[in-house]
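Here is a short walk through one structure. Keep the sequence and the 3D view side by side.

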Amino acid sequence: MLVFRNETKGIVSGIIRKSNKSDIIDINNILKDVFGADLTDKNCCYREIVEHSIKDRFYVFEEVDTHRVVACTGITKCKDGYEIDWTGTMTKYQGYGIMNKLFDVMLKHKSKSKDVYCSAWRVPNAEHANLHNILIAHGFELESKNVKEHGYLWDKPYFGVIGDCIKTCPYHGKTMPSECTCWEDLYVRKAK
């Protein structure tokens, strides 16, 4: 069992394991809390997460007291190496170092002979994506900001939410208007 301490929040303990099918509700709650996306909404642009099996897709942190998954991240094979999958920690559990430990476990057995990519979302007025410090600590470098994909810039309503953003932006402490956009920054851990 792992124990994490935060001087102001206290202690949280739990285990790291691979995801299973029954984790979908907790993973939905994480992504809803972090990204404002509700996977149960048939119009949600992130439905692909529930339309494919999540068994073993994520590394998750399950809190012992609640038996709830409160953080998740994953890694998938891609054409040029590996890509970091959806990553988030419930707001209440941020600041404990849980995600840092999840990255330790997730990357431990991945070949260093292949590149690992991570597309991290960032609100335009923030200097770095939320994952920046964790990625840098794990050997990633910021490859480029505002990545273009399929010929256009990822400059969309906040995390793809249609209409007025339902997410409270941590940089502003208020609900963002529909013209709020997020950008995608590309980080790479180069093969050695």
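Leaving aside its neighbours within four places in sequence, which residues is E141 in contact with? They are I136, L186, Y187 and V188, where contact means heavy atoms within 4.5 Å. This is a predicted model: local features need pLDDT of at least 70, side-chain atom pairs count only at pLDDT 80 or more, and totals for chains, interfaces and linings use all residues. Residues are numbered from 1 along each chain as its sequence is written, and side-chain values use heavy atoms, with hydrogens and water left out.

Stay with E141. It lies in strand β8, residues 141-144; strands are DSSP runs of E, at least two residues, numbered from the N terminus. E141 counts as exposed because its relative accessibility is 51%. The cut-offs are under 20% relative accessible area for buried, over 50% for exposed, and partly exposed in between (1.4 Å probe, protein chains only). R189 is 48 residues from E141 in sequence, yet their C-alpha atoms are 6.2 Å apart.

Now the rings. The whole structure holds one aromatic pair. The ring centres of F4 and F61 are 5.5 Å apart and the planes stand at 80 degrees, so the pair is edge-to-face. Phe, Tyr and Trp rings (six-membered for Trp) pair with centres within 6.5 Å; planes over 60 degrees apart count as edge-to-face, under 30 as stacked, the rest as tilted. F4 sits in strand β1 (residues 2-6) and F61 in strand β3 (residues 58-63), so the pair ties together parts 57 residues apart in sequence. Both F4 and F61 are buried.

Last, the cysteines. C78 is partly exposed at 28% relative accessible area, whereas C118 is buried at 2%.

Conventions. Helix = DSSP H or I, 4+ residues; strand = E, 2+ residues; numbered from the N terminus.
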